[in-house]
Each structure stands twice: as structure tokens, then as C-alpha cells.
Amino acid sequence: MNAVELNEELSGFGALLLASAVKSIYPTVKLGGGSVGEFGYYFDFEFSVPVKTEDLSKIEDEMKRLGKRAEVSVMEKTKSEAVKLFDKSGEPFLVELAGTRKGKIGIVKLGNTSVVADFAICEKSPSVVKLTQITGAYWKGDAKNKMLTRIYGVAFKSKDELAKYHEWQEDIKRRDHNKIGRELEYFTTDPMIGQGLPLILPKGARIIKTLQRWVEDEEEKRGYMQVYTPDLTKSDLFKASGHWTHYKDGMFVIGDERLDDEVFALKPMNCPFHIAIYKSQIRSYRDLPIRISETGKQYRNENSGEMHGLTRVRQYTLSDAHIFCRPDQVQQIFDECLQLTDFLVRSLGIQDRIWYRFSKWDPNNREKYIDNKEAWEKSEAVIREVLVRNKMKFVEAADEAAFYGPKIDIQAKNVYGKEDTLFTVQLDFALAEKFGLSYIDENGQKITPFLVHRASLGAYERTFAFLLEHFAGALPVWLSPTQAVVMGITNKQDDYVDEIFKNLRGKLRIEKDIRAEKVGYKIREHSKKKIPYLIVVGEKEREEGKISVRTREGSDLGTMNIEEFFGLGQFNAPTE
Ligand code: ZN
């Protein structure tokens, strides 16, 4: 089912009710900040007594009581007025929050409780409030700060909306890749190996390999050249690319600059390696475009608290490519990149879940962007034309480009209702120049090429997680690690089961089940494992040389011969 959109202004009211109710029950509590989003709302507190999940219903009751009175006022204060106000009410976190703000500060007040309004508030109090979760959170999200208590909640206009919300939450649990991916034996984790470093098990590996081969084959058809580059490199490369100055904290560095002659790092990106490959030869205008692709690992030293399943990991595999082209080829390159993503997205059956975001510069924000007005204007016009001509569903986002050029992000909403970038195509006018890249044009002049960074299927781990959640584990037949399982009604048919198994092995991914278990039990078990086709054979099937086929959804497709079985679905990766 689709994500339930939570009204942000209603959530804002909920956050204020929450802060006020907590203050009323625990007068010594110190108020932190609050926020609203696709999760509803939260507010952070420093309690002087421990507060647990059991206490939430008491807070909810107080929120309902306050909601009925609901004397809310919204005001604007100068920084010094706001600091004075919060100082007077004995709220050190709010004093700090107001002290760091620029310009006027919005404040919302309910009864005696005032907080910094980092959220908008509707006029009418929500009629239904529900607190959903209690966790710890560092003040301002910084691990060096105090750990506060964060309480999450949702707010609605009616009980019906709450019921819909509950239904959605149940659906999310059913789809959570971190749960089903483990149940279906696709991946696991081991504390000895570490957080954000999942072990992909044989069936999960089969799925990722299938995706990877498919993407690599499609890229090869489209003129990409696959390369391998090292995971490990001397820091010199990242000093030249600028990563060392801007991104060192996010990198895994091996060695110590003060002690060692050579310091190494695990690569956070593939770009500088592909640039080195481009640079390894003299390039002529006739050689361009050059499309270098790699199924490349990337490493990010992220906070261990942020790790989750296959989506927040420290090491991932990107379907990466860098295309070096002449300025007059930008249109062609964007065109082909978009056509490839469109093909992949349609083949996966997720076209209704995605849209394109065209991220542009802001001509007035000269500090943020590389100063090349002509390049920005020309290339943005070219990219817009490509989107329009290909009839792509897109939104334009001003001031969202990378500092080095405009980009197209392929956006999707995940099952949690959160917008995420799945894949991206980015034009870069800066990096080629930084590395002194060139090609020789028809007049023998050295010209700097344009560079396009592009991920066709994004990070395999993340896309895999997205697909598991989208399909609630029941992947399309061609992606299923086991496409069919054959079993006998009793063990008397073991030899016929073996015959069918050998006949189909090599043509599709098949397993046989000759355990001494009841056939009904086996059918239930394999359906739960999301195996698309369950082939059941008894004496009748053996006599006729046929098979009976059921689906994981529980439909009985009847008796058929092998040729008819192959007509049922698409067992191989789609091609254009
Ligand atoms: Zn790149």
C-alpha cells in the first residue's frame, strides 16, 4: 500500500502538545528541539527521572486534555528577546538554540510552554494523537553532546486516519528488507565483522549477480568499457581530487601522515581512478565519447549508529560510470543515460514509483557554484530538452545542483514514505579541468572534455533492499534466486522428481525437495520462501510425463508439459 502522508502542520501541533504535556507532567524536564517529517513529529527532552515506553500513554492523555483547551499563540522575537524568554523559563537548550539563529525567531506557545518553532502549526488541534516510539538522541545530532530522550508521535484529524496509519505500519513491517532479507536467507550480519558490513548469503548473492550481469551486458551493448580499479590507493590521488581536504573524515585512512612515508585510503569514489584511465592515453576528438564503467566498491566511514540492513552500509557496490565527452555531445550522453535508466526501471516494474528531479544552479548563489555562466545555461537547456523529448515525468529543483554542474536524480519514495535518490546522472565542468584532462580537436588544439558521472542502477545493495521492500520479498521470476522447486506427493516419486530436476537444471534456477515431509508442509514452506513456481508430481503426472504447477501466491495452474511450463513466465533477464 502507499505511504500515509502525514500533515506537517497537524504534526507541528502534535509536537507542541507533546512538549507541553511532558512539561506539565514532569515540571523539571528541560526542553530541546522538535521536528516534523514523514515520521510524524518528535521532541527531545532532558528528563531528571527515567522515562520509558510505559509512560507514553500518560503523556498521550495529557496531550488530549491540553488539545481540548488549545490556547496556542505564534510569535516572532528578536534573538535577544528569545534568549531572554527561554533564560527566564529555565530552558538552557532553548537558549542555546535561539542563540545560534539568524534573524527573527519564531516561537510557539501553548499554556505556559514556549518552544522554538522549527515547524508550522495548524489552527485546529488534532483530535487524535498517538505516541509511537521513545529513543535516545544526541543534542543537535552530535555524539560529543549530551544524550537526550526523543519521543516520537503522530497526529490526525480522525480515528479513521489513525486506523489507516496503523494499517500502513503493518505493511511496512511486512516489507522491511532488514527483516525479510534475513528470513529469506539473503544476508546476515556478524558482530565480529562489524556494523554496516553485511554478509551476502548465496541466495542474496545470486540476486545481486543477476542484476549485475544484466546491467553490465546492457552497458556493453551501449558502448561502455568495463574496468577494474583498486579499492586501495595512495592518499596522493585524493589530495589531487580535493577529497582529502573536504572528505577525509568520511574516509577509511590506513597509516598516519606523521609517521609513515606513504598513507593509503579505501576509495570513497571511483571518479579519480576513471580519470587516471582517461589520462593514460592521448585522446582525440574522434575517440569521444569514452564511457568507462565499473561495478566498483566504495567505502564510507559512517557513524555506526546510522547503520541499517543493506541501505546504510560502510561498503557498497556501485554500478558506476564516467563518460568523457565533447561539449557538443552532452545532449547525446544525457539522452542515452536516461534511456538506459528508463529501460532498467521499466524492466524491474518500478516505473510508477520513480520520477526525475532536474537539479539546477542558482545564478544568484555564485559562492556555491563553479563560475561558468555559459556552461550552466547551455547545459541546463540541453538537459531540459532531453527530459521533455523523452516525455520523462520530472520536477525542476533550483539551487539543488552539485557545485560542479547540473544533474538529473532518479527519485523514488520508499515504503516508509521517504524520498530517496536511487540513481543519478551528473554533468561536471570542474573535475576534468582540475586533473588537466584534454583531447585534441580537429585543429590540433587541446580542449578540456566534459565529464558525466552516472550510476545506472545505483548501489546494488540499496537497490536490492528497495526491490525487496517494493515486492515484499516476492521478486520477479527472473530475479528470484530459486525460480522453481520440484517435489513428489510422496517419496515414491523421488526418481521422477530427480528426472524433472535434471531436465530443468541449467535452463532455470531449480531445487528439488525429497525430504520425508508431507507435501502440504513443503508447499507452505517454499511459498513462504517466495519461490515463484512449485512443481508437484504424483503417479498420474509420472504416467503422463507431465508436471503440476502451483504459484507462491497459492494458485493452482494445473497439469502441463515442460514446454508449456516455460511459457508461464520470464525466466531470463529482460533485454531490449
Ligand atoms: Zn563520479
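1. A salt bridge here is a side-chain nitrogen of Lys or Arg within 4 Å of a carboxyl oxygen of Asp or Glu. By that rule, the whole structure contains 41 salt bridges. This is a predicted model, in which local features need pLDDT of at least 70 and side-chain atom pairs count only at pLDDT 80 or more, while totals for chains, interfaces and linings use all residues. Residues are numbered from 1 along each chain as its sequence is written, and side-chain values use heavy atoms, with hydrogens and water left out.

2. One of the salt bridges joins Arg 65 to Glu 62, at 2.8 Å from N to O. Both residues belong to helix α2 (residues 56-69) and sit 3 residues apart, about one turn of the helix. Helices (H or I, at least four residues) and strands (E, at least two) are DSSP runs, numbered from the N terminus. For accessibility, buried means under 20% relative accessible area, exposed over 50%, and partly exposed in between, with a 1.4 Å probe and protein chains only. Glu 62 is buried at 12%, whereas Arg 65 is partly exposed at 42%.

3. Helix α6 (residues 177-183) holds Glu 183 and Lys 179, 4 residues apart, or about one helical turn. Their side chains form a salt bridge of 3.6 Å, N to O. Glu 183 is exposed, with 53% relative accessible area, and Lys 179 is partly exposed at 40%.

4. Which residue does Arg 326 meet in a salt bridge? The partner is Asp 328, with 3.0 Å from N to O. Arg 326 counts as buried because its relative accessibility is 19%, and Asp 328 counts as exposed at 56%. Elsewhere, a network of salt bridges links Asp 513, Arg 515, Lys 522 and Glu 525.

5. Strand β1 (residues 30-37) is mostly covered, with 6 of its 8 residues buried. Two strands pair if DSSP finds at least two bridges between them. Strand β1 pairs with strand β2 (residues 40-46) in the antiparallel sense, over 6 bridges. The two strands make a hairpin with 2 residues between them, and Lys 30 stands opposite Glu 46 of β2.

6. A cavity is a set of points, on a 1 Å grid over the protein atoms alone, where a 1.4 Å probe fits but cannot get out; lining residues have an atom within 4 Å of a point. Grid points are joined across faces, edges and corners, and a volume is the space filled by probe spheres set on the points. The count is 1 cavity of 30 Å³ or more, and the largest cavity holds about 30 Å³ of space. Its lining includes Cys 337, Phe 423 and Arg 454. Helix α11 (330-348) and strands β19 (419-428) and β22 (450-459) each supply at least two lining residues.

7. How many disulfides does the structure hold? With a disulfide taken as a pair of cysteine sulfur atoms within 2.5 Å, the number is 0. Cys 337 is in no disulfide, and the nearest cysteine sulfur, that of Cys 325, is 9.2 Å away. Cys 337 is buried, at 3% relative accessibility. Cys 122 also counts as buried, at 16%.

Key:
On a 1 Å grid over the protein atoms alone, a cavity is a set of points where a 1.4 Å probe fits but cannot get out, and a pocket is an open set with protein on both sides within 12 Å along at least five of seven lines; lining residues have an atom within 4 Å of a point.
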